[in-house]
Each structure stands twice: as structure tokens, then as C-alpha cells.
Amino acid sequence: MNAANPAQGTQSQARPTGLVRCSAYWGHNGHELARFWAAALGWEVVQTFGEDAAMISDGTTSYVFYTAHNFKPPAWPQDELVFHLDVSFEDVEAAEKRLLELGATRPDHQPGTGWTVLLDPSGQPFCLSPHANWTR
């Protein structure tokens, strides 16, 4: 331990910290999903990886979308979800309209209030909510 700076301990004493910089998703078509999510979030497709994957980013966070040739979307709400996105917008109604135009669909089952569930082009659920739902 450094007596002048007790926060500088040994490697084994240091508390690990990390930043999630990228998440990966699989679907029926990685390039199509990347284009959908880039348009949905106002981001850009920044890199492609052959015919099966593409990355989008806002400059700090990235998502990579991969093609899974045997992909089957979850039978939601019957199947439990391993993971899904919660996306907030200032104007949820306008965002929903735009996302539907981009290729999302709106399932009949809507499990609550305060958010709307949509399915991305590969059939995976994600939630829309107003920014105000996420303020502390």
C-alpha cells in the first residue's frame, strides 16, 4: 500500500471497475438489425464484419448485430427473455410511429402501463418509455 495515497493499493486489493462498451445481439440478419437500430437510435453503422455482422455506435457505446442462420425469435410472452432493450424517447408516440415505419411491429400483448412493447425486425421484444420514467 502506498502511504502517501492509500487508494493505490496492490493489484489484488484494487476494486475492479469496468465500463460496458459494447453488447452483441443475434438475429435473422445482422446487417438489417444494425440498420434498424442505427435509425431507431439516431446512431450510425460504423463497421461491418463480412456478410454476417455490423456495429452501430454513438461514439461511446456500441452494439454489434450478428446473423444467426438458425435464429428463432422468442415466443414472447410465453418464453422468458434472456435480455431486452429499454429505450426512452422524449415523444414516445412519435418514436413508436417512426419505429413501426422502420420495420418494428407492435404485439397485441402489452404487459403494463408506462411503456410500450415493440418487436424489432427479427421478432425480439424491446420497450419504449418516456425519458421521464428514467429520471432519479
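Reply:

The largest pocket has a volume of about 260 Å³. A pocket here is an open set of points on a 1 Å grid over the protein atoms alone, where a 1.4 Å probe fits, with protein on both sides within 12 Å along at least five of seven lines; lining residues have an atom within 4 Å of a point. Volume is the space filled by probe spheres set on the points, which are joined across faces, edges and corners. The lining has 17 residues, and Tyr25, Trp26, Phe83, His84 and Gln124 are the closest to the centre. Two elements, β1 and β7, each give two or more residues to this lining. β1 gives the most, with three.

This is a predicted model: local features need pLDDT of at least 70, side-chain atom pairs count only at pLDDT 80 or more, and totals for chains, interfaces and linings use all residues. Residues are numbered from 1 along each chain as its sequence is written, and side-chain values use heavy atoms, without hydrogens or water. The chain averages a pLDDT of 89, and 89% of the residues score at least 70. pLDDT is the predictor's confidence in each residue, from 0 to 100.

Now β1. It belongs to an open, mixed sheet of four strands, ordered β1-β4-β3-β2. Strands are DSSP runs of E, at least two residues; helices are runs of H or I, at least four; both are numbered from the N terminus. Two strands pair if DSSP finds at least two bridges between them. β1 (22-27) and β2 (44-49) are the edges; each has a single partner strand, so one side of each lacks a neighbour in the sheet. β1 runs parallel to β4, over six bridges. Ser23 has Tyr63 of β4 as its bridge partner. Helix α1 (residues 30-41) packs on the sheet and touches β1, β2, β3 (53-57) and β4. Contact means heavy atoms within 4.5 Å.

Next, β7. Strand β7 (residues 125-130) pairs with β6 in the antiparallel sense, over four bridges. Thr116 has Leu128 of β7 as its bridge partner. Their hairpin has five residues between the strands, and Gly123 there takes a positive phi near 90°. In β6 (residues 116-119), both faces are covered: Thr116 and Leu118 are buried on one side, Val117 and Leu119 on the other. Buried means under 20% relative accessible area, with a 1.4 Å probe and protein chains only; exposed is over 50%, and partly exposed lies in between.

Technical notes:
Axes are lines fitted to C-alpha atoms, for helices over the stretch in contact, and angles run from 0 to 180 degrees between N-to-C directions.
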